[in-house]
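Visitor: I would like to learn how to read a few features of a model. Could we take them one at a time?

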Amino acid sequence: MNNEVTMWEGHPVNGDPGELDIIVANPGIVALDKQDLIQVLEEEGEAYIVSGVGAKLGDAFTAAVEAMPCPKGAVRDVVVSLQYGDKDFSMSELATLNTYFESLGEDVNIIWGSTRNDNLSGSIKVVMVINVKN
C-alpha cells in the first residue's frame, strides 16, 4: 500500500488519490459521489485508501481488508466502492461482506457504492476509503 500522504480536494489522505477520482468519474448502479468521500475525509482522524482485486468479490474484499494499516476496531468511517468489469457479483457475495462490516461496531458509518469499471476484465475491485481513530 502507498502510505504517502497526499491531498485530494484539499484533504490529506494516505494512499493513491487517483482511486478517488475513478470513484467520482464512474457513476454506477449505487453511485458514490464526491460528497460521500469528503464526508469520510473530513472526520477527525487519518484517512487511508486501500484496495484489492480478485476473480471473486470475496477475494478482492479480503485483499483490501489485508491492506488496511490498522485493526478493524480503529475504523470509524468507511466508503466502499465495489467495481466490476465484465464480471458481476451476486447478492450472496455481498451479504458476506455485510457480516464483516457489522463486526466493526454499530457506531461505524458505512457508505456503499457499486459501479462498472471497464478497465477491469474478468475481475472485481474493492476500494475502501477508511477513517481511522487517532
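Predicted model: local features only at pLDDT ≥ 70, side-chain atom pairs only at ≥ 80, totals over all residues.

Visitor: Is threonine 115 buried or exposed?

Guide: Burial is judged by relative accessible area, and under 20% counts as buried. Threonine 115 has a relative accessible area of 4%, so it is buried. The residue lies in strand β5, residues 109-116.

Visitor: Which residues is threonine 115 in contact with, leaving aside its neighbours within four places in sequence?

Guide: Threonine 115 touches Asn26, Pro27 and Gly28, and also Ser81, Leu82, Gln83 and Tyr84.

Visitor: How many residues are in the largest nonpolar core, and which have the most contacts inside it?

Guide: A nonpolar core is built from buried nonpolar residues joined through their side chains. Here the largest has 25 residues, and those with the most contacts inside it are Met68, Val75, Val78, Phe101, Val126, Met128 and Ile130. At least two residues of this core come from each of β3 (46-54), α3 (57-66), β4 (75-84), α4 (91-102) and β6 (124-132). Another core, of 15 residues, lies apart from it, and includes Ile23, Leu32, Ile38 and Val40.

Visitor: What is methionine 68 in contact with, beyond its neighbours within four places in sequence?

Guide: Methionine 68 meets Val50, Val75, Tyr100, Met128 and Ile130.

Visitor: How many aromatic pairs does the structure hold?

Guide: There is one aromatic pair. Phenylalanine 61 and tyrosine 100 form it, with 5.3 Å centre to centre and 75° between the planes. Planes over 60 degrees apart count as edge-to-face, and this pair is edge-to-face. Phenylalanine 61 is in helix α3 and tyrosine 100 in helix α4, so the pair ties together parts 39 residues apart in sequence. Phenylalanine 61 and tyrosine 100 are both buried.

Visitor: At what angle do the axes of α3 and α4 cross?

Guide: The axes cross at roughly 25° and come within 9 Å. Angles under 35 degrees count as roughly parallel, so α3 is roughly parallel to α4. The crossing of α3 past α4 is right-handed. On the α3 side, Leu57, Gly58, Phe61 and Val65 meet Glu93, Leu94, Leu97, Tyr100 and Phe101 of α4.

Visitor: What is the phi of glutamate 9?

Guide: Most residues other than glycine have a negative phi. Glutamate 9 has a positive phi, near 50°. The residue lies in the loop between β1 (5-8) and β2 (11-14). Its relative accessibility is 44%, so glutamate 9 counts as partly exposed.

Methods:
Residues numbered from 1 in each chain as written. Heavy atoms only, no water. Helix = DSSP H or I, 4+ residues; strand = E, 2+ residues; numbered from the N terminus. Buried < 20%, exposed > 50% of the residue type's maximum accessible area, 1.4 Å probe, protein only. Core = buried A, V, L, I, M, F, W, Y, C linked by side-chain atoms within 4.5 Å. Contact = heavy atoms within 4.5 Å. Phe/Tyr/Trp six-rings, centres within 6.5 Å; stacked < 30°, edge-to-face > 60°. Axes fitted to C-alpha atoms, helices over the stretch in contact; angles between N-to-C directions. Parallel < 35°, antiparallel > 145°, perpendicular 65-115°, else oblique. Left-handed = near helix turned anticlockwise from the far one by under 90°.
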